Amino acid sequence: MVALKDLPKEEPYAPGHRLCAGCGPSISVRMALKAARGPTVVVNATGCVEVSTTIYPYTAWRIPWVHTLFENIGAVAGGLEYAYEALERRGQRKGKVDIIALGGDGGTFDIGIQALSGMLERGHDVVYICYDNEAYMNTGIQRSGATPRGAATTTSPAGKVIPGKRGKKKDLAGICAAHGISYVATASIGFFGDYIDKVRRAIEVEGPAVVHVLAPCPLGWRSNPADTIKLAKMAVQTGLFPIYEIIDGKYKLSLKPGRLIPLEEYLKLQGRFSHLLKPEFKDELESIKREVEDEYKRILGLAGEPVT
Amino acid sequence: MSRRKRSYKTQGVVSYLGEAPKHIGKIKASSQIPGAYTGDEAAAYAAKQCKVDVVAAYPITPQTIIVERFSDYVADGEVDTKYLYAESEHSAMSACVGASLAGARVFTATASQGLALMHEVLYLASGLRCPIVMAVVNRALSAPINIHADHSDMMGSRDCGWIQIYAENAQETYDLIIQAFKIAEEETVQLPVTVNLDGFTVSHATESMKVLSDEDVDKFLPPRKPIFKVDPETPITVGAMALPEYYYEVKRQQEEAIQKSKSVVKTVGDEYGKFTGRRYGFMETFGLEDADAAIMCLGSTCGTVRSVAKDLRAKGKKVGLIKLWMYRPFPTEEFLSAVEDLKALAVMDRAISFGAPYGALCSDVSSALQNTGMDIRILNMIYGLGGRDTPPTTVRDVFDEVLKTAKTGKVKERIRFLDVRD
């Protein structure tokens, strides 16, 4: 695993952008670009990172960066890749360009999943990074297909009868792996060395690769900005967000399973889950805990780890 | 009726009717090869000869022949093009934008629902100044579902900032696609272009036409020279957020670019005329030198109108045709100069602008005439929706009515729906 002292000093992602204090996605971008191996182009979906880093006439990007729309980075990145290849065929340009498509969970799990699927099926040599802060944070904290069950958002509020978001978080890594691509990973900014290694592996793989990284949003999670990394770690340590790789279809756990931290420890640091700790939603909390445990065991099973 | 003779004079506009300027077009095509092509085949062949770097497309009737032919070229190794088989039109146009930003020459084609699905991305292509060329095989929009020709698709996206050109037949489709790349990629333009051809009537009808040799197309159309590109050699940010302090200026510049593209359209049309003997520009007119009454329309219907006008003129009727090649930017000055001696004009719209005073083309015509002092009676005819046939007899009826209006000055109906059951 890459050590802090070995990380390149270059900062393709410059400071001075307008993302919040403690913004997980911003940290995820800075870390990802530490894994760059050469000339790199970033295709960014509409979202917090996009709107806050390129307010004209300023930009936080020292490398080529393209934004067009919310739901189409898979296609835009594919177009860029083919253009570089075609121009090289004609002798009009030279040299490999690494293309990173960067989208939030809304732009990936929901509105952009078709373009992502098309990109994976066609086999574009693109690294797709989904920074997951578990809701549409840019528009003001609305639920997405990545919002975990029970979380309160502005469109899945903790009401008197409905305690937050219904339904499970989509299994993005599984969906991507089902396309038969050779590299998919989940990661957390709480484990930076592991995350940066995964991005680098994704870059080195020929053909499409996906890295799904958990990146807490203090504003949307209603958490202390100083707790961003702590929460990113706890999400993994509670078993809620296991980190693993799927290499040529084979699951490999990135963190040896140990004793899990109780889920409540993670939930109580976040306002979005505060209702779940009230006595009236005790059953709901129990049901969520069972679901988290089942899902964790499923991943352990897929990774060939003993399930206890 | 009172009618002011030649009240409107164009200023500083080169007449669309005159000879091509002598300084343009020093080269001539070495040969022209006769052949039989459908409109779709002509489009695919033109794109092939334009040596496009990237095609990204999604199949839809009646555009399918274009993507099938191009797939053949790729499969047989006849082109160096990278073909991105998109999973939707939204992604097709998105990939076109990405490829164009990287500096590639890009072609795509769609129709109807496909264009509607692209709608959002069309604005990116023009706003980011991507010189993409797209064949739009005009087809009706659902509901009810219908696969046949009308102009509802393109008219629904007419404000998307693309240069919009309409072809009458396969020959024009071929010629206009070659010109479209030259117009789009011109340094001062840098805008995407649609070349429209009517579904089935043009797309699937085989016509005899002439094509250029590959070498001649190379001579006419050199490789694209992008003025900026997304490339690690020149790190730039493309698609930044422009808040109220800047957005308006960007859009205003875009409008200036499309208005100024007129001079490029004219130059390229003249050049192509010198090169091939087939001259293009903003519009083609027939019989306007002495016509009292005329019909104006787009696309394949112009052929029927021309033929009927010929018959009527042989019988001494003073009728004419205005066929627009270029719908956007609307050639206002040239249009006014063309119609200044007319007494009545029937504008035929192959799409409804629901709830509007007129169809889209007629709205443009009546806006162009506003404040000019010209007193031309305007009749709007909606026709041919969902592929409803518009035979010569219908066109003759329209000429009868517009001639009557020219004589009496009276407009019987603001909008008439042709060949429709009550």
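**Reading helices, sheets and a chain contact**

Biologist: Which strands does helix H12 (residues 392-408) of chain B lie across?

Modeller: Helix H12 of chain B lies across S11, S12, S14 and strand S15 (377-382) of that chain. It runs at about 130 degrees to S11(B). Helices (H or I, at least four residues) and strands (E, at least two) are DSSP runs, numbered from the N terminus. Angles run from 0 to 180 degrees between N-to-C directions, with axes fitted to C-alpha atoms, for helices over the stretch in contact. Contact means C-beta atoms, placed from the backbone, within 7 Å. This is a predicted model, where local features need pLDDT of at least 70 and side-chain atom pairs count only at pLDDT 80 or more, while totals for chains, interfaces and linings use all residues. Residues are numbered from 1 along each chain as its sequence is written, and chains are lettered from A and ligands numbered from 1 in the order in which they are written.

Biologist: Which strands does helix H9 (residues 301-314) of chain B lie across?

Modeller: Look at S10, S11, S12 and strand S14 (344-349) of chain B. H9(B) runs at about 165 degrees to S12(B).

Biologist: In what order do the six strands of the open sheet in chain B stand?

Modeller: Follow S10-S12-S11-S14-S15-S16, with mixed pairing. Two strands pair if DSSP finds at least two bridges between them. Strand S10 (283-286) and strand S16 (415-417) of chain B are at the edges. Each has a single partner strand, so one side of each lacks a neighbour in the sheet. On average, neighbouring strands of this sheet are turned by 20 degrees against each other, direction ignored. Now take one pair: S11 (residues 293-297) and S12 (residues 319-324) of chain B run in the parallel sense over five bridges. There, Met296(B) has Ile322(B) as its bridge partner.

Biologist: Where is the cis peptide bond that joins a Tyr and a Pro?

Modeller: Most peptide bonds are trans, and most residues other than glycine have a negative phi. In chain A, Tyr56(A) and Pro57(A) are joined by a cis bond, with omega about 10 degrees. Pro57(A) sits in the loop between helix H2 (48-53) and strand S2 (65-67) of chain A. In chain B, the bond from Thr61(B) to Pro62(B) is cis, with omega near 0 degrees. Pro62(B) is in the loop between strand S2 (54-57) and helix H2 (64-75) of chain B.

Biologist: Asp248(A) has a positive phi. Is Asp248(A) buried or exposed?

Modeller: Count C-beta atoms. A residue is buried with 20 or more others within 10 Å of its own, exposed with 12 or fewer, and partly exposed in between. Asp248(A) has 11 such neighbours, so it counts as exposed. Its phi is about 45 degrees. It lies in the loop between strand S7 (244-247) and strand S8 (250-253) of chain A. Lys51(B) also has a positive phi, near 50 degrees. Lys51(B) is buried, with 20 other C-beta atoms within 10 Å.

Biologist: How many residues does the contact take from chain B and from chain A?

Modeller: Chain B gives 39 residues and chain A gives 40 residues. On the chain B side, elements giving two or more residues include helix H3 (89-101) and strand S9 (237-238). H3(B) gives the most, with nine residues.

Biologist: Which residues does Val54(B) touch?

Modeller: Leave out residues up to four places away in sequence. Then Val54(B) touches residues in both chains, among them Gly79(A), Tyr82(A), Leu84(B) and Val106(B).

Terms used:
Two residues are in contact if their C-beta atoms, placed from the backbone, lie within 7 Å.
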